[in-house]
Amino acid sequence: MKYWIYHYIDRYIGRPILFIFKFFDKILRIFKNKSYKIKKILLIKLTMMGDTILLYPAVKALRDTYGDCEIVVLCSKVNEKIIEQWDFIDRYIVFKFDYLFKNPLLIIWQIWNLYKERFDLAIDFEQWFRITPIIAYLTAKLKLGFKTPKQYRHYLFDITVPHVKKRHEVLCFCDLVEAIGVKVKDKDLYLKINEVSNKKIENFLKDNNLVEKQFVIIHPGCGVHGYYRQWDVEKYAEVAKFISTKYVLPIVITGSRDDIKIAKKLFDLVGDKCFNLSGKTDINDLIALVSKSKFVICGNTGVMHIAVALKVPTVAIHGPTDPEKWGPWGKNHIVIKPKVSCAPCSYLGFEYGCKERKCLKGIAIEEVIDNIKKLL
């Protein structure tokens with residue numbers, strides 16, 4: 001529920017604030033000195049674990065180019081565990097959205113603390129969020145971010161880069177840092193495997209007589225607001241039965257706490273040779289588990305990008321979202337997309353063309369099974 005509250009606050013309060021700041025900025029720019037020496041950089045990415053995984057090549061190249069600079073990342077609880085892996089940054093700061101409901105003044109207090117840091121450059125990697133350009137404007141001398149169609153968030157940036165609808169997000173993130181002279185040579189994704197989580201997953205496999213690279217992960221959910229991106233659980237069940245019967249490969253069901261209900265339904269439908277870990281693993285556990293799987297079947301959600309970063313093949317079922325932009329990055333992955341003319345209808349991940357999910361309903365069980373046969 002809170003996600004949508006944030007969204008509406010961002011849209012109906014954030015947009016007017018942007019226009020007000022833009023008005024005063026036109027006056028202030030007359031007195032600003034535009035000669036900046038960059039020594040301290042703030043990177044802003046507050047949403048989406050999957051997006052944060054896609055951000056790795058751009059941030060790593062930024063570090064390689066600005067080796068003497070202090071690089072600080074502003075993140076949230078949503079993507080903190082991914083940022084935590086980046087040993088090439090100096091530190092990260094967790095922005096706490098919950099303060100908005102506890103005490104709005106604490107949001108101002110967080111921004112004030114960022115202001116006191118005196119950043120020379122802020123790079124905003126968000127695509128539509130409007131609070132982040134305001135944070136960048138208030139905390140850094142030079143601001144860089146996306147110019148996303150119809151979002152009006154670019155008004156407060158000194159340097160803007162077009163957010164291109166049909167361009168993969170890995171490349172869009174690279175475009176952003178390349179605007180300040182960074183050359184992104186290596187565009188591979190990367191994730192570390194936590195030793196404690198790795199041992200925990202090894203024990204799980206041993207206790208359940210599962211063999212590494214001889215089981216398949218099915219991740220049926222897409223998070224708390226992922227209904228419009230979720231393939232029908234009954235269809236997932238038929239695919240799971242086919243894999244476990246035809247190829248004698250056990251199925252491990254994964255999901256966040258928000259996916260527990262759909263995961264349980266899948267588990268009940270499949271029965272034998274099926275294990276349900278939904279809601280029982282944190283991000284590090286999930287990374288370790290995915291690394292040991294044969295392949296992953298899922299919708300457009302974070303686990304897809306985890307698998308890609310770990311070089312594990314994916315069967316990615318897309319409905320309203322565009323795989324050209326949000327699909328698995330790289331080779332050895334299968335993308336299944338609908339054949340209806342209205343898809344893809346979602347550009348930024350929250351706007352959908354219909355409530356009936358015509359695109360996902362049109363993807364047949366046989367089509368997914370045929371693609372799995374090719375993979376195996």
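Is the crossing of H10 and H16 left-handed or right-handed? In this predicted model, the crossing of these two helices is right-handed. H16 spans residues 365-375, and its axis lies 10 Å from that of H10, at an angle of about 35°. On the H10 side, the contact is made by Lys235, Glu238, Val239, Phe242 and Ile243. H16 contributes Ile365, Val368, Ile369, Ile372 and Lys373. Sorted by class, the residues joining H10 to H16 are seven nonpolar and three charged, with no polar ones.

H10, which covers residues 233-246, also packs against H11, residues 260-270. Here the angle is about 45° and the axes are 9 Å apart. H10 and H11 are therefore oblique to each other. H10 passes H11 in a right-handed crossing. From H10, the residues in this contact are Val233, Glu234, Tyr236, Ala237, Ala240 and Lys241. They meet Ile262, Lys265, Leu266, Leu269 and Val270 of H11. This contact of H10 with H11 comprises eight nonpolar residues and three charged ones, and no polar residues.

Another part of the chain to look at is helix H7, made up of residues 131-139. How many of the nine residues of H7 are buried? Seven are, so the helix is mostly covered, with buried meaning under 20% relative accessible area. The buried residues are Thr132, Pro133, Ile134, Ile135, Ala136, Tyr137 and Thr139.

Terms used: Residues numbered from 1 in each chain as written. Predicted model: local features only at pLDDT ≥ 70, side-chain atom pairs only at ≥ 80, totals over all residues. Heavy atoms only, no water. Buried < 20%, exposed > 50% of the residue type's maximum accessible area, 1.4 Å probe, protein only. Helix = DSSP H or I, 4+ residues; strand = E, 2+ residues; numbered from the N terminus. Axes fitted to C-alpha atoms, helices over the stretch in contact; angles between N-to-C directions. Parallel < 35°, antiparallel > 145°, perpendicular 65-115°, else oblique. Left-handed = near helix turned anticlockwise from the far one by under 90°. Contact = heavy atoms within 4.5 Å. Nonpolar A, V, L, I, M, F, W, Y, C, P; charged D, E, K, R; others polar.
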